[in-house]
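Biologist: I've got the structure up and I'd like to know what's behind the labels. Can you take me through it?

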Number of protein chains: 2
Amino acid sequence: MTLGLGIDAGGTATRWRLVEEDGKCVAQGSVDPLTGHLFSAAAEDRARQIVDAMAKAVLHSGQPMGIVAGITGLTRDTPAEATMRALLGTAFNLAPAKVFVAEDMWIAYLSYFALGEGILIYSGTGSIGYYLSPDKEVIRVGGRGNLIDDGGSGFWIAREALKAILRTEEETPGEGWSTTLGTCMAGALGGTDWNVVRAFVYGGDRGKIGELARVVGDAAERGDKTAEGILRAAGTELARLANALFRRLAPRPVALVGGAFRIHPMIGDAFRRDLLAPVDVINSDVDAALTAGRLAALVR
Amino acid sequence: MTLGLGIDAGGTATRWRLVEEDGKCVAQGSVDPLTGHLFSAAAEDRARQIVDAMAKAVLHSGQPMGIVAGITGLTRDTPAEATMRALLGTAFNLAPAKVFVAEDMWIAYLSYFALGEGILIYSGTGSIGYYLSPDKEVIRVGGRGNLIDDGGSGFWIAREALKAILRTEEETPGEGWSTTLGTCMAGALGGTDWNVVRAFVYGGDRGKIGELARVVGDAAERGDKTAEGILRAAGTELARLANALFRRLAPRPVALVGGAFRIHPMIGDAFRRDLLAPVDVINSDVDAALTAGRLAALVR
């Protein structure tokens, strides 16, 4: 029986699936998060340790004949791609030709669409629009990171909420933190004192800030108008990404995916309302590691 | 002759002035930047080295009888304040009572106003509104850092410009970087490729991003409408800070200071236009280290 190994390495974990030719998953697990940012010897060492830990777990269940890995931040045709293929090849005793690595969005796209079929709009901590042409050319819009843009992402939603609360508080002291949104956020932050808020925001964990987006969803659920406005604006931001790709590629089906858009239906509603063309919008969750495993089981 | 030492430790350097009782500066110089973020033994060691280097230079010209230091990020009544006073006291052989340290905005305020007199609006890499009451109570608005807000700051101006260029480029490829603003920014960034832009923005130097605000000023000078719009919006953002303090304290004279508002007159024009009350607006530059030195020369 030929086995393929699929890997989906995102922000919080590296998920792996060992898959048979018929597409059935025979083993699965997850290890520490892996990134494509292999810019130092230390980063490479860290990646090797994670890959070795994964190999130990996987080989217990079977020897894959091919690997397909989607890894966040890994750009194709870079030294990092060669390094990652070599790490995986060595750990699994496979020739480099049997190891395929790409950025995680590449695999995510193929989880929803055939090449060139649709448009992927992803909103997690960051936000990006992604298209993979029949010739495997990638067109990206957004994905500029939280220092420039990332409109409609979890980070963006949390930041808009904090900004709104703090500005209200500055202009009319006492009226920012006492709103429903303010109360919900204060609970998540652990207080309303600027030292507490500052330590949370500037403590170095961007994902932790993105998590605050859930709190904005809770406040909207309880009828907070500011929270509702931010969530609708997030949908509009994400629709901008889709519309930019519509203009360049003609309208086609859209998959709206990632953790952030899921925090409240208002985001998806505003997204659909603001799309320039009436297209199918897919919201279902897929297992990108399983997709990668199925592709890997087809490696010859 | 009694000498006072004034220190202004900001983002790019620590400036010192040795001042006589009559207010005349007898020696001056600058050393590496010093911050009030003394959260680790390494940070404390680094601060000690800078203070020692400064002492070596200063004592060559004379022994100060008092020190007044404005240090960025240093909050009063914190362990960092005690540490900084001890460092300065030891290096200059002065009793702690002869050493006064405060955040840099404290000294900046006193450079323009008597206690409680006016409002200071500062726009550098970040932006903040600052008021020091007759009882030395501080009221701050803004100053939330670039991850939350800092509207109207150099960082904000640069970010709005990058965002505008990249969004235009995404929606109509070729039309973002080819504008006057795009051309100016590409020159400063060293290219238009996303890898180049990303390395510049995410390379870790926030001040370097703020420097790009100058480029937006240049583009506005050459008639770029997007750049002009961003600069006017920056003035509106800074006016928000002043208006928030007007509402809480009643209107009073404003000093609009810092490197960012200086990049183009449009910022100050929009600022004045959007103020809720007609007040005097001071734009002149002052030497905060000299102010600190004059205060220090009065220490008994």
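This is a predicted model: local features need pLDDT of at least 70, side-chain atom pairs count only at pLDDT 80 or more; totals for chains, interfaces and linings use all residues.

Biologist: What makes β6 and β7 of chain A a pair?

Modeller: A pair needs at least two bridges. Four bridges join β6 (residues 119-123) to β7 (residues 127-132) in chain A, so they count as paired under that cut-off. The two strands run antiparallel.

Biologist: Which strands make up the whole sheet, and in what order?

Modeller: Five of them, in the order β8-β7-β6-β9-β10 of chain A, as an open sheet with mixed pairing. Because β8 (138-142) and β10 (281-282) of chain A each have a single partner strand, they are the edges, and one side of each lacks a neighbour in the sheet.

Biologist: Which helices lie across those strands?

Modeller: Helix α8 (residues 225-249) of chain A lies across β6, β7, β8 and β9, at about 145 degrees to β8(A). Helix α9 (residues 265-274) of chain A lies across β6, β9 and β10, at about 155 degrees to β9(A).

Biologist: What kinds of residues line the largest cavity?

Modeller: Six charged, four polar and one nonpolar. Among them are A:R167, B:D149, B:E237 and B:L241. Leu counts as nonpolar, so B:L241 is the nonpolar one. Helix α8 of chain B gives the largest share, three residues.

Conventions: Residues are numbered from 1 along each chain as its sequence is written. Chains are lettered from A and ligands numbered from 1 in the order in which they are written. Side-chain values use heavy atoms; hydrogens and water are left out. Contact means heavy atoms within 4.5 Å. Axes are lines fitted to C-alpha atoms, for helices over the stretch in contact, and angles run from 0 to 180 degrees between N-to-C directions. On a 1 Å grid over the protein atoms alone, a cavity is a set of points where a 1.4 Å probe fits but cannot get out, and a pocket is an open set with protein on both sides within 12 Å along at least five of seven lines; lining residues have an atom within 4 Å of a point.
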